[in-house]
Amino acid sequence: MSTTETNAAGIGPVEGASLYSVDNPAPVIEPPRKRTKKTPKSTRGNFELAAWLFMRLSGVVLVVLVIGHLLIQLVLDGGVSKIGFAFVAGRWASPFWQVWDLLMLWLAMLHGANGLRTVINDYAERPNIRLWLKGLLYTATVFTILLGTLVIFTFDPNIR
Amino acid sequence: MATPVLDKSDAAGSPEPGFADSPYITVTMRIRRFNPEISADAVWEDFQLEIDPKERVLDALHKIKWDLDGTLTFRRSCAHGICGSDAMRINGKNRLACKTLIKDINPEKPITVEAIKGLTVLKDLVVDMEPFFQAYRDVMPFLITKDTNEPTRERLQSAEDRERFDDTTKCILCAACTSSCPVFWNDGQYFGPAAIVNAHRFIFDSRDEAGEQRLEILNDRDGVWRCRTTFNCTDACPRGIEVTKAIAEVKRALITRRY
Amino acid sequence: MKIHKYDTVIVGAGGAGMRAAIESTKRSRTAVLTKLYPTRSHTGAAQGGMAAALANVEEDNWEWHTFDTVKGGDYLVDQDAAEILAKEAIDSVLDLEKMGLPFNRTPNGTIDQRRFGGHSRNHGEAPVRRSCYAADRTGHMILQTLYQNCVKEGVEFFNEFYVLDQLITEVDGVRKSAGVVAYELATGEIHVFQAKAVIYASGGTGKFFKVTSNAHTLTGDGQAAVYRRGLPLEDMEFFQFHPTGIWRMGILLTEGARGEGGILRNKDGERFMEKYAPVMKDLASRDVVSRSIYTEIREGRGCGPEGDHVYLDLTHLPPEQLDAKLPDITEFARTYLGIEPYTDPIPIQPTAHYAMGGIPTNVQGEVLADNTTVVPGLYAAGEVACVSVHGANRLGTNSLLDINVFGKRAGIAAADYSQTAEFVELPENPESLVVEQIERLRSSTGTERVAEIRRELQDTMDANVMVFRTEQTIKTAVEKIAELRARYRNVAIQDKGKRFNTDLLEAVELGNLLDLAEVMAVSALARKESRGGHYREDYPHRDDINFMRHTMAYREVGADGSETVRLDYKPVVQTRYQPMERKY
């Protein structure tokens, strides 16, 4: 009736058929990770709560910051054609815009990095791959944030 | 994979040939088979049978097991959606086989049946439920009170306080919700919707005094914050529990500390 | 094979088993062996409630409850046990509340109560509100609450361990329980559990009927294991047929539906119960209502094209009341029948529901080897046992009570016993019977199929030993069962494996059903009277002179290996209530 039964009766050499028997069963099909009596270890921290809240709050703030940023850069005062070194230099002369861009950099990077962290947690199956992906993610995030911050604070309009 | 096609006369409960207004229809059940005593691979196997469309998927599985292939293995007990034994993935959605009627899932096409996801498959539709119950046990699913001497009569509770957690008392621990959660599929260390639902049932019970402890347990790395609100769990629940809402209420209680 | 040693072993993890486990785990090293995950047990399917004379909503006392229980059981109830049941009911409901059970509440915050069949004020004057409930899922809540407390107490469960044999050793002329043999479903391995005390709480045996509210797993495994070892079964002819099962499917619709005001109607829309029970009407006891329904059907007043059912009418009740008090059963009607209970009546027919009989025990849950002798170390509680608090017919809500009262008692008694007793030596090759049984089935080359024999058994039981019985029909059933038992020896299974071999277990279960069906039919044939759930059309009246006594059935093996059922009788304990005619 079915191949499985044919195997059981030992009729015809089906690939892999002789490998397993009642007393020598194949491994069962396991999921990537599972809970046991010992896992997961409790950390009793508030980090996940903080991260969850941060995602919601930073999201709201970012909506204002990013839409404002896009309006100024791309729509108002002649749109994208006006952007040049001078335009940026002019804006960063004001501490207000410095803080705006700094905030946008930090929030966007942290928001994005945390989002990617959850994506890795949710979808990367093997522990090794998780480790590498997260390492890469954190390195890139720290590098970008540091570099951006450095530029904003040490920007010299008279360079050339 | 050979697809067995059976004579009508072979099939269970088949009507007399030429029976004009027979309620029976022919359906194909496509079942994900796995038997480690035979092969390391899971395979799809088709069975054709005559069945009244008002019957349950469980009835179809029984017809196969009793009349066609006795090796088909699945759990079942009460057969009317109370015991929670027969959660399985039917046409890609988690349901109880005993609460799903053939006519409600388009019998024109083959009906696929496979084990629920995220748990170890042991044989055919049978999975290892131990990790699922471990998560349940980890949320302290029992009434905890701090009073030193028990009251002689019952503890009083207003009808409104009783109503507050009514929805989550309906849970039958069938694992349909937890095994429908994409987060759980990949990371079984997540508590999962069912455990959170059962924590909710006590956190919001006015008689219970360990809500704080349970909240702390669910505040952890594999707790409620892993929920992505995909609503798969609410869709899957055969008892109609608003699972995602219950999880959201636990999240809110964690932030406001009011429950 | 593995050997385990525990002070106390409990077989079954439904209501009675877990209630016993909670007590026993506190007092002794306890293992619970269960063929299902505990929360899958059929206690969870109970709907209506749990009776206790709390008097939260109207005047009530446990003495009235005792009377109703005795009368409901058609005076075959052991009245000392019924008194304990009614008296300890109050504490067992309060115990559950303290364990966390979410009962429905009255406006002042106490446990709410509702009416239920056969429960009356002042010895039958009028219906009384005695059933404590949690919507129409009281059994579900009890099962969950007990499991939660088992988790709390750290009860040790062996899930999907299937007990197949009871071990008995004779010590100085006394037959004592030595332990049990179990089959592990996941691996096919045999485990011997040596225990000072064994408690059976393995539930009922309704699967020998076709139309039944019972789960597929209720196959009388406990009764059969004990019976095969020569211990008696009591009152097996008494089986309860619940009046309101979903037509053809047998799924239970709670009596609480009638407690909330639901009405039974025939095809003319007539409220026919007024004819049969002028006072209690639709809330007469279950045997009375079931017979009335079948009388209507037989006299041509049944509904539907084949006139084979009647209607449960809830349409006059406000939808809010149905949603609040009967959410599950209205959903069953929608799911399985496609009927909207707000506007349409629900087709119902009586469904095989509960075994009043079982393993005879005294009020401590100790199993009896004959009319008086106790088997040291062997206990039983719940549907598997016969105390007898249900007599010839159980009152609705008294089973949830039974499991809590006698589950607790058996748990305490067994643990106390195992604190003082010594281990009884295991018999030689304790696993031999089970190994032989398993191997015979696994290697059988016979031609008979489990499903076919089971189908024929269920058909004959439904046709011949259901609500109405006569000498002729019972004899037909006895002969058919004998034929099926002979064919069963030639049964073969397709799954020869070891892991999760449910094919094998269904064959084993069928063997149990056949043994118990035989006991039931033979007991019913000998009881030439009508009493409670046992109704003989050829003897339509109760005969207190000849049959005010419990049936005790023993397995006898002849010199040639032939098996027969030997019947004996045991007197009924009467204290306060003299038998009267039973009217509702």
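Modeller: Let us begin with helix α5 (residues 192–203) of chain B, which has 12 residues and reaches 16 Å from its first C-alpha to its last. This is a predicted model, in which local features need pLDDT of at least 70, side-chain atom pairs count only at pLDDT 80 or more, and totals for chains, interfaces and linings use all residues. Residues are numbered from 1 along each chain as its sequence is written, while chains are lettered from A and ligands numbered from 1 in the order in which they are written.

Colleague: What makes the span of helix α5 of chain B close to the one expected?

Modeller: The expected span is 1.5 Å times one less than the number of residues, and for the 12 residues of α5(B) this comes to the 16 Å that the helix also reaches. The name helix itself is given to a DSSP run of H or I with at least four residues, and strand to a run of E with at least two, numbered from the N terminus.

Colleague: Why is α5(B) called mostly covered?

Modeller: A residue is buried if 20 or more other C-beta atoms, placed from the backbone, lie within 10 Å of its own, exposed if 12 or fewer do, and partly exposed in between; in α5(B), 12 of its 12 residues are buried, and therefore the helix is called mostly covered. Among them are P193(B), N198(B), R201(B) and F202(B). What covers these buried residues includes α2 (130–138), α4 (182–186) and α8 (243–256) of chain B. In chain B, 59% of the 259 residues count as buried, and the chain holds 8 helices and 7 strands.

Colleague: How do you know that α14(C) is roughly antiparallel to α15(C)?

Modeller: The axes of helix α14 (residues 471–488) and helix α15 (residues 502–526) of chain C come within 9 Å and cross at roughly 155°. Angles over 145 degrees count as roughly antiparallel, so the pair α14(C) and α15(C) is given that name.

Colleague: Which kinds of residue make up the contact of α14(C) with α15(C)?

Modeller: Two residues are in contact if their C-beta atoms, placed from the backbone, lie within 7 Å, and the residues that meet include I474(C) and L484(C) in α14(C) and L514(C) and V522(C) in α15(C). The residues of this contact divide into 13 nonpolar, 1 polar and 4 charged, where Ala, Val, Leu, Ile, Met, Phe, Trp, Tyr, Cys and Pro count as nonpolar, Asp, Glu, Lys and Arg as charged, and the others, Gly among them, as polar.

How values were computed
Axes fitted to C-alpha atoms, helices over the stretch in contact; angles between N-to-C directions. Parallel < 35°, antiparallel > 145°, perpendicular 65-115°, else oblique.
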